[in-house]
Amino acid sequence: MTDTTRIRSVGAYTPALRIEAEAFADAWGQFEPPGIESKAVPDADEDALTMAAEAGRRALDAAEIDGNAIDWLGFATTTPPLAEAELTPRLASMLGVSERSRLRSFTASTRAGTQALLAAPAVETALVVAADCPRGAPDETREHAAGAGGAAFVLGPDGSAPITEHAEHAEPYPGTRFRPTGSERIEGIDVGTYERHAFTETISTAAASVETDGATAAAVQAPDGKRPYRAASALGVPSDAIRACATVHELGDTGAASVPLSLARALAGDHETVLAASFGSGAGADVLRIEVEDAVVSDCAFDGQRTLTYPAYLRRRGEITSPGVDTGAAYVSVPSWHRSLPQRHRLVAGQCPDCGALTFPPEGACSGCGALVSYEQIELWTTGTVETVTSIDRGGAPPEFAGQQARSGAFGVAIVRLERDGNTISLPGQLTDEAAVGETVVPVIRHVYTQEGVPRYGVKFVPRSAHR
Amino acid sequence: MSEAYVVGAGQSDFGSFPDESYRSLFTTAYGNALDSVPSGLSTEEIDEAYIGTLGVGGRQLGLSGPAVTEHVGLDGVPCTRVENACAAGGYAVRQAVMAVRSGMADVVLAGGFEVMTDVSGESVRYWLGVSGETEWERLSGTTFAGVYAQMARAHMEAYDTTAEQLSRVAVKNHDNGAKNPHAHLQFACSLEDARTAPTVADPLTLYHCCPTTDGAACALVVSEDVVDEYTDDPIRIAGVGAASDAVGLFQRETYTGIPASRRAATRAYETAGIGPDDVDFAEVHDCFAIAELLACEDLGFCERGESGPFVESGATALDGELPINTSGGLKSKGHPIGATGTGQVVEAFEQLSDRAGDRQVHEPRYGLTHNVGGSGGAAVVHVFEREDRGDTTEVER
């Protein structure tokens, strides 16, 4: 069945930070969104693109393939760091997806994740990544519900979980959840019955064209912890099937990644028949049926690691901090930054053809023999060792990192040694958590800083003890 | 090749001066340098000028050398701005020596200036950061203090160096600076002060870091043909060594020493024909407490890894066997970046001409200055000799 898209592996990433519903209740007197016990909170240097890179790496690792095996990459989010700009090429660079691949972006709807899944070609190797971190006004229920996370799927003819059926339905429902142009905050006019109607009508109409019998797990769009269960009868599944793979109760509303994250959880579990039902306000719905023929390999980080207080949450969100001061900073021009993307995104070092020593970045005289050589490119995306480290405390950050520090607090900066066949390179890198000299660290993609309005991404390091 | 001599050196007060400009500070330093020449020296006699400055605040990035020399009436004198971050001043002195030794000039002004306290903290952090490696080191989020903190952490891990040993550098240099009327921070600091100060970049506390400072300093370097016109007690620039290295710490062969300092020192000792044991006092680059410990090792005053116990022993105190940073150093005297290297020469000149007052070392013959740019991307070492306090070099000449 070459026209059936088949899922080969799944990867999921959620930020390490969590906040409990009670923390909101303490601050506001109540926590409005139903059915959410905690939610995931992106750190100050995380966004949809960094979470997509994390989830994408995990899906590739689970499938045991490199990015260059990918023919088609789809990236779905409602919260792109830039409203206009192709971000999928950057994601491709971060994942080592080759430039010959076809790249697609899906946005402007929480249904974007399933749209990407359905758009992927069946006969080639595809990677679909959905990551999202919606926001609302601090005093609004949508903000209280807003979570974060990303899920990724490697698809290919040899995948063990085919999408056997799918259908969609869309019809106009103005006034349901929306985000105005230029705003970072989702809004709604809160006409409850109308919104619920839009949700159930579109899903049930789409579901009518899909065989839904026998599903033990149903990944359903979850703007809060109650809404997905309203689709139970439309999908013909018991509530337990929705609960079996729900992520909203611990992660909150993950927007376009909501259904993909639940689908990832279902596929990482041992379900044989899985339904997925996404909803995008405005409104449209996709319903998919997936038959798991053989276990789908997975690498998922669903668990949180640290719980925030509400004030700490407001800091992380940047609600009570100032952005960094623009002093011109340590100016690295955008073209200069562009030239270093293989290093920023994939730790590409240079190997001397004469003496074999590694040099990073791969330019200038060889660190081993001092000769000006043409380096062979060697990707060193691997664990490293902390050689030395300091902590940059509040007030001491360079101006371009002042905003991040105000939000996340003191951060560690290490020199990390990476090794390949007895040759080593050292590079400076920011730490996402404390690590001592000698500790092993794992590279991750994070937002480094923004200059001239251009967000710049690069490698930071997570101590292996904190890596999930 | 002519020998080079320093016949005069003077500085402005180092500190924070809202009522002064970089030009007024330079004018003061220049005047004090002229006044310090035993037999007098006037503006018309100067052939060449080298001026060190980083240009903190960006006040006059282009032509910042002529901007101060024309202000003191040196119109027409060729002036070159020297920029090697915190080693700009030391390299200006080196250029002056080269000009004299080449025979192109007989009287050369080596000056430096910086004004750092009239801009916001954010701006200062920017300007301090531009002397590190920008594309990788800086964008890992580290500061200048952070890079030295990484060196401190590496030294502590390798040699069990302690935070208290770092603090002892601060205590000693504040003791010396309290005796220096030109110093920025003329107060004593206790071990407890240093220990309990806020952390700037772990393990460095505020007292392990030098202040940002306004100031200027000048030295007058002359050839052997004319030295007798200016002094009866010539101070020869006996040794000159300099080296550069990778700008980023991560690109260097070691984090527990500064290779450029080692190379510069080796060359300076070779050209002076002496060894570290012959040095009677030294002004070393202690922008952070760890930097003085590293300097003790890199300059050969103690074995590698032994600088903590060496400082703890009192050897480097004013009354110790090798007084280090009798001026108070960058820590207490202050660190107006472009003026620091020439400021070190002011202390060497005062010590060797017995003008150091309460800080005077007993009849020194050899003094050494050590000036580092960034975290070690450049270093320059000079050995000064009071010629009438020994005869070996006379024979060599």
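Trainee: In which loop is Pro361(A) found?

Mentor: Pro361(A) is in the loop between S15 and S16 of chain A. Helices (H or I, at least four residues) and strands (E, at least two) are DSSP runs, numbered from the N terminus. This is a predicted model, where local features need pLDDT of at least 70, side-chain atom pairs count only at pLDDT 80 or more, and totals for chains, interfaces and linings use all residues. Residues are numbered from 1 along each chain as its sequence is written, while chains are lettered from A and ligands numbered from 1 in the order in which they are written.

Trainee: What kind of peptide bond joins Phe360(A) and Pro361(A)?

Mentor: A cis one, with omega about -10°. Another cis bond leads from Gly282(A) to Ala283(A), where omega is near 10°. Ala283(A) belongs to the loop between strands S10 (273-280) and S11 (284-291) of chain A. Most peptide bonds are trans, and most residues other than glycine have a negative phi.

Trainee: Why is Asp421(A) called exposed?

Mentor: Asp421(A) has 9 C-beta neighbours inside 10 Å. A residue is buried with 20 or more other C-beta atoms within 10 Å of its own, exposed with 12 or fewer, and partly exposed in between, with C-beta atoms placed from the backbone. So Asp421(A) counts as exposed. In chain B, Asp160(B) also has a positive phi without being a glycine, near 60°. Asp160(B) sits in the loop between H5 and H6 of chain B, and its 11 C-beta neighbours inside 10 Å make it exposed.

Trainee: How do you know that Glu133(B) is buried?

Mentor: Glu133(B) has 22 other C-beta atoms within 10 Å, so it counts as buried. Its place is in the loop between H4 (121-129) and H5 of chain B. Beyond its neighbours within four places in sequence, Glu133(B) is in contact (C-beta atoms, placed from the backbone, within 7 Å) with Arg138(B), Val247(B) and Gly248(B). The C-alpha atom of Glu133(B) is 9.1 Å from that of Gly377(B), although 244 residues separate them along the chain.

Trainee: Why does the length of helix H5 of chain B agree with its number of residues?

Mentor: The expected span is 1.5 Å times one less than the number of residues. The 16 residues of H5(B), 144-159, should therefore span 22 Å, and the end C-alpha atoms are 23 Å apart, which agrees. H5(B) is mostly covered, with 13 of its 16 residues buried.

Trainee: How many residues does each chain bring to the contact between A and B?

Mentor: Chain B brings 31 residues and chain A brings 31 residues. On the side of chain B, H5(B) gives the most, with seven residues. That side divides into twelve nonpolar, eleven polar and eight charged residues. Here Ala, Val, Leu, Ile, Met, Phe, Trp, Tyr, Cys and Pro count as nonpolar, Asp, Glu, Lys and Arg as charged, and the others, Gly among them, as polar.

Trainee: Why is H6(B) called roughly perpendicular to H10(B)?

Mentor: H6 (163-177) and H10 (289-298) of chain B pack at about 95°, with axes 8 Å apart. Angles under 35 degrees count as roughly parallel, over 145 as roughly antiparallel, 65 to 115 as roughly perpendicular and the rest as oblique. That makes H6(B) roughly perpendicular to H10(B). Axes are lines fitted to C-alpha atoms, for helices over the stretch in contact, and angles run from 0 to 180 degrees between N-to-C directions.

Trainee: Why is strand S7 of chain B described as largely enclosed?

Mentor: Nine of the nine residues of S7(B), 215-223, are buried, so the rest of the structure largely encloses it. Residues pointing one way include Gly215(B) and Ala217(B), and those pointing the other way include Ala216(B) and Cys218(B).

Trainee: How many bridges join S1 of chain B to S7(B)?

Mentor: Seven bridges join S1(B), residues 4-11, to S7(B), and the two run antiparallel. Strands pair if DSSP finds at least two bridges between them. Tyr5(B) stands opposite Val222(B) in S7(B). Eight bridges link S4(B), residues 107-114, to S7(B), also antiparallel, and there Ala110(B) stands opposite Ala219(B).

Methods
Two residues are in contact if their C-beta atoms, placed from the backbone, lie within 7 Å.
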